[in-house]
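Open the structure in your viewer and keep the selection tool at hand. The stops below go from one selection to the next.

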Amino acid sequence: MRIFSGSSSQKLGEGLAKALNEKLFLPEKFVFPDGEERIRILEKVLDEDVVIVESLSPPVNENLIELCFITDGVKRSGGKRVTAVIPYLGYQRQDRVFREGEAVSLHVVIKILEAVGVDRIITFDLHSIKIPELFHIPVLHLSAIPLFAKTIKKMRLPKKSVVLISPDMGGVRRVKLLLEQLDGVATASIVKDRDLVTGAVTAKKFSSASNITELKNKTAIIVDDMISGGGTIIKAVELLKEHGVAKIVVFATHPLFSQNAATLLQDAPIDRVYVTDTIFVPKKKRFAKLEILSIADMVAQNLKTV
Ligand code: R5P
């Protein structure tokens, strides 16, 4: 097996290679004055199984094209099977037409990845469980939920003091999955609304199935797939505080941390924010309350068995 990483996921690539007792290879990369990138594979990959780790995180278009160039370089050098580990699949939220005339960006990304020769994909916590069906190649859809459950168990919180919160109705499934591993804790879901033009989030109420009398003086554990601008979490925090929760802990798989999300989260009445390394968080976006859990072992485990 040969493991390569692209620019977006070098740290995770190192962790993965270590977990598999393998060496991490980096493609040779040269950027021309006009911005074009040249990728060259220096290692022998003939008849090898090749793993390329590249998150489609910002800058998403650059990382996508780089992943394609690495795949092409590997295939032209005789690589047998390319597994693209794309821990965060960019464009996944644009998986259908929301308003007339819109492009379905995810479909385009899928076509590009398949056309360039990716043979299979390993990815994490997709926004919709239907996304793997849109591919014509195998997709192994993993989740950070087991990692979150393990971390929550280590906190040793009395079950009666915990409420698992989905910050929107799209996340109810994630909370249910976590509940399977944390048996016996209460749950509640927030009804969120997002303005399709401005992106502004409103979260004014809980779903009718939520038992909100359970919230007072409790520890609320918010679970989401990603934090981008932070609006979803901040609105959920405001609503939870209005209902008297004592502590708030956030778990989200993908730390996109766009715009001023890091500052918003640090300044909000949140006790801790757990994310994973599906997306590398640069120093300037790290904050005191942040803790990063690694998915490297989980990916390694799955690469060993498939
Ligand atoms: C949306 O449905 C997702 O599950 C996330 O809640 C959302 O994408 C987070 O975005 P933001 O941090 O910008 O509110």
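A pocket is found on a 1 Å grid over the protein atoms alone, as an open set of points with protein on both sides within 12 Å along at least five of seven lines. A molecule sits in a pocket if more than half of its atoms lie within 2 Å of its grid points. This is a predicted model, where local features need pLDDT of at least 70 and side-chain atom pairs count only at pLDDT 80 or more, while totals for chains, interfaces and linings use all residues. Residues are numbered from 1 along each chain as its sequence is written, and side-chain values use heavy atoms, with hydrogens and water left out.

**Stop 1**

Select the ligand, which sits in the largest pocket. Helices (H or I, at least four residues) and strands (E, at least two) are DSSP runs, numbered from the N terminus. The largest share, 4 residues, belongs to β12.

Now show the 14 residues around the ligand; D224, D225, S228, G230 and T232 come nearest. A residue is near a molecule if one of its heavy atoms lies within 4 Å of it. Of which classes is this shell made? There are 2 nonpolar, 6 polar and 6 charged residues. Here Ala, Val, Leu, Ile, Met, Phe, Trp, Tyr, Cys and Pro count as nonpolar, Asp, Glu, Lys and Arg as charged, and the others, Gly among them, as polar.

**Stop 1**

In the side chain of T232, an N or O atom is 2.5 Å from an oxygen atom of the ligand. For R93, the distance from a side-chain N or O atom to a ligand oxygen is 2.9 Å. R194 has a polar side-chain atom 3.0 Å from an oxygen atom of the ligand. The protein covers 90% of the 380 Å² of accessible area that the ligand has on its own, by the Shrake-Rupley method with a 1.4 Å probe.

**Stop 2: strands around β10**

Strands of a sheet pair through backbone hydrogen bonds, either parallel or antiparallel. Two strands pair if DSSP finds at least two bridges between them. Select β10 with strand β11 (residues 201-206): the two run antiparallel and are joined by 5 bridges. I190 stands opposite F206 in β11. The hairpin of β10 and β11 has 6 residues between the strands, and G199 in this hairpin takes a positive phi near 85 degrees.

**Stop 3: the open sheet**

Select the 6 strands of the open sheet, in the order β2-β1-β5-β6-β7-β8, with parallel pairing. Its edge strands, β2 (24-25) and β8 (139-142), each pair on one side only. Between β1 (residues 2-5) and β5 (residues 49-53) there are 4 bridges, and I3 stands opposite V51 in β5.

**Stop 4: two loops**

Go to P59, in the loop between β5 and α2 (60-76). The peptide bond from P58 to P59 is cis, with omega near 0 degrees. Finish at D47, in the loop between β4 (37-40) and β5. D47 is not a glycine, yet its phi is positive, near 60 degrees.

Key
Polar contact = N/O pair within 3.5 Å; in protein donor to acceptor, adjacent residues only side chain to side chain. 1 Å grid on protein atoms, 1.4 Å probe; cavity = no way out; pocket = protein on both sides within 12 Å on 5 of 7 lines; lining within 4 Å.
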